[in-house]
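The structure is shown below.

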Amino acid sequence: MKIRINQMEEWAALVRHSETMRSVHMRDLFGKDPQRAGRFSQEACGLFLDYSKNRITEETFALLLELGAAVNLTEQIQAMFSGERINVTENRPVLHVALRNRSNRPVVVDGEDVMPAVNAVLERMRAFAAAVRDGSWRGFTGKRIRNVVNIGIGGSDLGPYMACEALKAYSSRELLVRFVSNVDATHFYEQTRDLDPAETLFIVASKTFTTQETMTNAQTARSWLLDALKDEAAVASHFAAVSTNAEAVQAFGINHENMFEFWDWVGGRYSMCSAIGLPIMISIGPDNFDSMLDGFHAMDLHFLESPLQNNMPVILALLGVWYNNFMGAETHAILPYDQYLHRFAAHLQQVDMESNGKSTGRDGGRTAWQTGTVIWGEPGTNGQHAFFQLMHQGTRLIPADFIGFSRSLNALGDHHDKLMANFFAQTEALAFGKLREEVEAEGTAAELVAHKTFAGNRPTNTIMAEELTPYVLGALMALYEHKIFVQGAVWNVYSFDQWGVQLGKVLAGRILNEFAAGEEKDIAVAHDPSTAQLINRYRQQRRK
């Protein structure tokens, strides 16, 4: 469907409305409406969302919903869940929701229900994870596995790494789970330098088993293991694979029984609930992994079945569109007040920016509107002592999501009360600021009044849950996944391909071959002057 959304009346209405809203302050919105917080709140799947501290009115929200209706948002949601090939440029369905389909309703692709295959892989994962956790899986020398190292990159690393860190409180502390992604040898070295090869299991996660960074690290891991154990047969006892390339996996030396499949209708950044999540399951156990899937599925159903005005992912998505396209914001901060979520923003960076970082619309033309938002963030309270100054008094509008929990998983003294006091204080300060009159009333020197005045009117969403559990993490991740889908639908871009990462890979392969051969003049012909100069400098210094 060809849509030029900036030519729609619904878009024009939001442009006009944004001009009137620029001078509206949240202090006035709350002053006029004591019930505002209750009306702009939503609860679902163990999560409570307060979006009242946004620069919106009921009219703003109604206009955003009209935009959503104009782009057939409900129909687009249904199309994804029904298995239509909405990943058009790769001619694939988009069915990460099938991976956590706890109702087990049929999900049909090309006339075949995919659920039996999904369930079969999950059962094999459960058996494998249980064997590693209870010690019945032994290494080549008979020693128990105590270290699990996941080798992957992108979606095969960021999601599982984030989840293992987020759910560390539920993990087996007898098992050390680490992640290697960067092709920089330092990453492999530092993650394995203190490990015993006889007690180490590697999981190689690569759909094609050809990803350059992953397979380089995998071959290094193989050599590292064999240097210690001196027998090719050891590979089968210390490696598992998450892949679809059975021939390459077998050639590597991995037993086919230890290869776990996933499918081309699962994008890497949405694959945490597939076999890519094997290190998560080993870390937290099959029961907790199932609970995480339950949380994902609960939010999936909420997203599929709830009307747009009460639909939590839709609400977050439309608010993001409001700031991105009508209020001039360019970034969005993710600020979890829980140290276990210290990799949450990093994972969302990939899920969001790789999905909607597009300038070509579905009609093949260049978008005339801004699309993907820059996602960034750190846990509170660390961020307060780093970049919050810019958020409070800087010149940029930075919408932010604050994520917090009523109970800590590590109750020590009054730590959590102090953490949450800061959590609530920051959104209040960002929204309402501090007036010049208030600063002057404190007896502040005249020359310092402007420096100590806070304009406020900085928008935030507050997401709360009782406790960070596997279920809650699943619901939280699904919330953001679906938010990203909705924004792609509004912006009319394909959210499930990532052609932008391909060109650099192709050029890197060509340059790698040039390191070993050719004169400098050949490099100069093959590249622009800057790149040629840099390559030649590298080759000369490397030889020293």
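In this predicted model, the lining of the largest pocket consists of 13 nonpolar, 19 polar and eight charged residues. The volume of the largest pocket is about 1,000 Å³.

**Largest pocket: contributing helices**

- At least two lining residues of the largest pocket come from each of helix H10 (212-229), helix H16 (344-356) and helix H21 (502-515).
- The most is given by H21, which supplies five residues to this lining.

**Second largest pocket**

- The second largest pocket has a volume of about 340 Å³.
- Its lining is made up of 15 residues, of which Gln-339, Ser-408, His-415, His-416 and Leu-419 are the closest to the centre.
- Sorted by class, the lining of the second largest pocket holds four nonpolar, nine polar and two charged residues.

**Cavities**

- There are five cavities of 30 Å³ or more in the structure.
- Residues that line the largest cavity include Gly-320, Tyr-323, Asn-324, Asp-352, Pro-399 and Lys-483.
- Helix H15 (312-326), strand S10 (331-336) and helix H20 (470-491) are the elements that give two or more residues to the lining of the largest cavity.
- H15 gives the most to that lining, with three residues.
- The lining of the largest cavity divides by class into four nonpolar, six polar and two charged residues.

**Helix contact**

- Helix H7 (residues 115-134) and helix H14 (residues 286-305) have axes that come within 10 Å and cross at roughly 140°.
- On the H7 side the contact is made by Leu-122, Met-125, Arg-126, Ala-129 and Arg-133, and on the H14 side by Pro-286, Phe-289, Asp-290 and Leu-293.
- By class, the contact of H7 with H14 has six nonpolar, no polar and three charged residues.

**Cysteines**

- How many disulfides does the model have? The count is zero.
- A disulfide requires a pair of cysteine sulfur atoms within 2.5 Å.
- The sulfur of Cys-164 has its closest cysteine sulfur in Cys-273, at 13 Å, so the two are too far apart for a bond.
- Seen from Cys-273, the closest cysteine sulfur is likewise that of Cys-164, at 13 Å.
- Cys-164 is buried, with a relative accessible area of 5%, and Cys-273 is buried too, at 2%.

**Backbone geometry**

- Gly-380 and Thr-381 are joined by a cis peptide bond, with omega about 10°.
- Thr-381 sits in the loop between strand S11 (374-376) and helix H17 (388-393).
- Asp-110 is not a glycine, yet has a positive phi of about 55°.
- The loop between strand S3 (108-109) and strand S4 (112-113) holds Asp-110.
- Is Asp-110 buried or exposed? Asp-110 counts as exposed, because its relative accessibility is 64% and the cut-off for exposed is over 50%.
- Phe-209, also not a glycine, has a positive phi of about 60°.
- Phe-209 is located in the loop between strand S7 (200-205) and H10.
- Phe-209 is buried, because its relative accessible area is 6% and buried means under 20%.

Notes:
Residues numbered from 1 in each chain as written. Predicted model: local features only at pLDDT ≥ 70, side-chain atom pairs only at ≥ 80, totals over all residues. Heavy atoms only, no water. Buried < 20%, exposed > 50% of the residue type's maximum accessible area, 1.4 Å probe, protein only. 1 Å grid on protein atoms, 1.4 Å probe; cavity = no way out; pocket = protein on both sides within 12 Å on 5 of 7 lines; lining within 4 Å. Points joined across faces, edges and corners; volume = space filled by probe spheres on them. Helix = DSSP H or I, 4+ residues; strand = E, 2+ residues; numbered from the N terminus. Nonpolar A, V, L, I, M, F, W, Y, C, P; charged D, E, K, R; others polar. Axes fitted to C-alpha atoms, helices over the stretch in contact; angles between N-to-C directions. Contact = heavy atoms within 4.5 Å.
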